[in-house]
Amino acid sequence: MATIFIAGVGSGGMSVLDLVARDPLVTEIILIDPDFYAPHNVQRHYFPPVDVGMLKVELARRWLQAMRPELSIIAEPIDLLDSNHHDWLADVSNRCDLGICAVDREPAKFQFDFLMRTAHKPWTLGEVLAGGIAGWVHLFLPGSACYGCVCSYLKREIELVQEPVPNYSQQESTLPATSIPASRAAISTMGSLHAHSSLQLLHHQELPFSSLLFPLQVVPEIFTIPYQALSYQFSPLPECLFCSGSSAAPDAENQTMDQLLTSRLQQLGENG
């Protein structure tokens with residue numbers, strides 16, 4: 001029996017949830033997402049237009065109950081960054097067997113990483129890049145590189161584009177390029193890889209990578225061959241302000257991420 005904690009039930013999160021929830025080992029799923037189902041979500045989502053205006057997490061709960069009535073489901077419209085729910089989120093992180101992150105906002109990804117590392121639990125993250133040209137699947141184990149370390153490696157060693165890429169998740173942006181979302185096919189492809197990798201971790205299968213990059217299109221000077229996966233094994237950075245080379249420092253157990261960052265900056269100043 002296993003409990004899965006999933007943050008984010010947008011189009012990507014639902015693709016992962018659909019596949020992970022079918023595994024008989026999974027007996028409880030905890031879902032959080034503060035967003036409402038909007039008209040622009042319909043084209044890429046699981047839910048029909050009649051559900052526009054409802055909470056995504058409630059729609060996901062209803063969908064899960066119909067598919068697996070025996071499944072224990074907790075669904076809450078909670079924002080990872082809402083400090084009022086810190087204790088509840090910490091409790092959920094401690095009792096889950098695996099965390100799955102499917103949120104878009106960078107601060108929320110860092111917060112999920114903090115919760116999982118403090119609880120010493122494995123977690124996974126899936127990302128679809130720039131309108132669906134490619135996607136990442138990241139695996140995080142206790143003691144491995146944190147999300148901050150992985151971001152640092154990506155910026156230093158894997159340069160995907162020469163110019164800043166617009167945020168395609170911002171549908172209201174005035175920049176024409178940012179209104180181009182990833183297709184449902186691209187989202188489902190990366191969701192399947194994300195779900196498969198997550199289930200392998202849940203079943204204690206070793207994977208030979210910590211991050212997997214999967215190109216979905218030919219992009220000049222970036223991806224010359226589509227569908228050829230590139231795998232990477234990232235290590236913790238000794239100078240990382242978040243994990244300092246460990247899954248969670250002893251003094252982090254009762255701290256928020258902001259408090260931990262403040263203490264790390266103080267230590268850096270003292271050591272400098």
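1. Tyr227 is found in the loop between strand 7 and strand 8, where helices (H or I, at least four residues) and strands (E, at least two) are DSSP runs numbered from the N terminus. Its phi is positive, about 65°, although Tyr227 is not a glycine. Most residues other than glycine have a negative phi. Tyr227 has a relative accessible area of 57% and is therefore exposed; the term exposed means over 50% relative accessible area, buried means under 20%, and partly exposed lies in between (1.4 Å probe, protein chains only).

2. The model is predicted: local features need pLDDT of at least 70, side-chain atom pairs count only at pLDDT 80 or more, and totals for chains, interfaces and linings use all residues. Residues are numbered from 1 along each chain as its sequence is written, and side-chain values use heavy atoms, with hydrogens and water left out.

3. Glu221 also belongs to the loop between strand 7 (211-215) and strand 8. Phi of Glu221 is near 70°, a positive value in a residue other than glycine. Its relative accessibility is 70%, so Glu221 counts as exposed.

4. The chain as a whole contains seven helices and eight strands. Of its 272 residues, 49% count as buried. Among contacts (heavy atoms within 4.5 Å) between residues at least 6 apart in sequence, 64% join residues at least 24 apart.

5. The eight strands form an open sheet with mixed pairing, in the order 3-2-1-4-5-6-7-8; two strands pair if DSSP finds at least two bridges between them. Strand 3 (72-76) and strand 8 (230-232) stand at the edges with a single partner strand each, so one side of each has no neighbour in the sheet. From one strand to the next, the twist averages 15°.

6. Within this sheet, strand 4 (residues 98-101) and strand 5 (residues 123-129) run parallel and are joined by three bridges. Opposite Gly99 stands Trp123 in strand 5.

7. Helix 1 (residues 11-20) lies across strand 1 (2-7), strand 2 (26-32) and strand 4, and runs at about 165° to strand 2. Axes here are lines fitted to C-alpha atoms, for helices over the stretch in contact, and angles run from 0 to 180 degrees between N-to-C directions. Ser11 is placed in helix 1. Ser11 counts as buried because its relative accessibility is 16%. Not counting residues up to four places away in sequence, Ser11 touches Arg44, His45, Arg184 and Ile187.

8. How do helix 3 and helix 4 pack? Helix 3 (residues 86-95) and helix 4 (residues 106-119) meet at an angle of about 55°, with their axes 9 Å apart. Helix 3 is therefore oblique to helix 4: angles under 35 degrees count as roughly parallel, over 145 as roughly antiparallel, 65 to 115 as roughly perpendicular, and the rest as oblique. His86, Leu89, Ala90, Ser93 and Asn94 in helix 3 meet Gln111, Phe114, Leu115, Met116 and Ala119 in helix 4. By class, this contact has six nonpolar, four polar and no charged residues; Ala, Val, Leu, Ile, Met, Phe, Trp, Tyr, Cys and Pro count as nonpolar, Asp, Glu, Lys and Arg as charged, and the others, Gly among them, as polar.

9. Asn41 lies in the loop between strand 2 and helix 2 (56-67). Is Asn41 buried or exposed? Its relative accessibility is 9%, so Asn41 counts as buried. Leaving aside neighbours within four places in sequence, Asn41 is in contact with Phe36 and Lys56.
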